[in-house]
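Here is a colleague's note to read alongside the sequence and the model. Please keep both open while going through the points.

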Amino acid sequence: MRIAELEQRTGVSRHTLRYYEKQGLLREVDRRGNNYRDYPEPAVERVAMVRQLKGLGFSLREIREVLDALRDDRIDCARGAALMAEKREAVELRMAELSEVRDLLAREQRKLEESAARSRGT
């Protein structure tokens with residue numbers, strides 16, 4: 001399939017797809033005689049996997065490692081579990097930070113609402 005179809009089916013821009021190819025995330029790309037890229041059907045799933053892993057906080061280097069292991073059928077379950085634990089810990093830390101920010105914003109909002117109420121009352 002041509003890049004336009006892959007872009008449409010995945011919702012990922014051409015620029016990003018080309019970047020993924022340069023980074024080794026999409027290797028199974030052939031070139032036609034006119035030098036157009038020809039993406040195989042599994043590229044749709046590969047791009048979806050990249051997006052999911054990015055959403056989980058994986059770096060492109062880490063994603064490339066995972067994809068290379070899948071391609072070579074050499075999944076290191078212990079390494080995969082360690083990566084997932086690292087990402088989970090990072091997510092939990094981020095959630096704690098966001099919780100603190102939420103609480104701070106709520107306190108400041110209450111102060112401002114109380115101040116506004118006092119100003120209207122006088």
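Predicted model: local features only at pLDDT ≥ 70, side-chain atom pairs only at ≥ 80, totals over all residues.

1. Residues are numbered from 1 along each chain as its sequence is written, and side-chain values use heavy atoms, with hydrogens and water left out.

2. Helix α1 (residues 3-10) and helix α2 (residues 14-22) have axes that come within 9 Å and cross at roughly 105°; helices here are DSSP runs of H or I with at least four residues, numbered from the N terminus. The two, α1 and α2, are therefore roughly perpendicular to each other (angles of 65 to 115 degrees count as such, under 35 as roughly parallel, over 145 as roughly antiparallel and the rest as oblique). On the α1 side the contact is made by Ile3, Ala4, Leu6, Glu7 and Thr10, and on the α2 side by Arg14, Leu17 and Arg18, where contact means heavy atoms within 4.5 Å. These residues divide into four nonpolar, one polar and three charged.

3. Helix α3 (residues 42-55) packs with helix α4 (residues 60-72) at an angle of about 140°, the axes being 10 Å apart, and α3 and α4 are therefore oblique to each other. From α3 the contact takes in Arg46, Met49, Val50, Leu53 and Lys54, and from α4 Leu60, Ile63, Val66, Leu67, Leu70 and Arg71. By class, the residues of this contact of α3 with α4 are eight nonpolar, no polar and three charged.

4. Which residues touch the most other members of the largest nonpolar core? Of its 19 residues, they are Leu6, Leu17, Leu26, Tyr39 and Ile63; such a core is a set of buried Ala, Val, Leu, Ile, Met, Phe, Trp, Tyr and Cys residues joined through side-chain atoms within 4.5 Å. The elements giving two or more residues to this core are α1, α2, α3 and α4, and the largest share, five residues, comes from α3.

5. Tyr39, leaving aside its neighbours within four places in sequence, is in contact with Met1, Arg2, Ile3, Leu6, Leu17, Glu21, Leu26 and Val29.

6. Lys22 lies in helix α2 and, at 69% relative accessibility, counts as exposed (over 50% relative accessible area, with buried under 20% and partly exposed in between, using a 1.4 Å probe and protein chains only). Lys22 and Glu86 are 64 residues apart in sequence, and from C-alpha to C-alpha they are 27 Å apart in space.

Terms used. Axes fitted to C-alpha atoms, helices over the stretch in contact; angles between N-to-C directions. Nonpolar A, V, L, I, M, F, W, Y, C, P; charged D, E, K, R; others polar.
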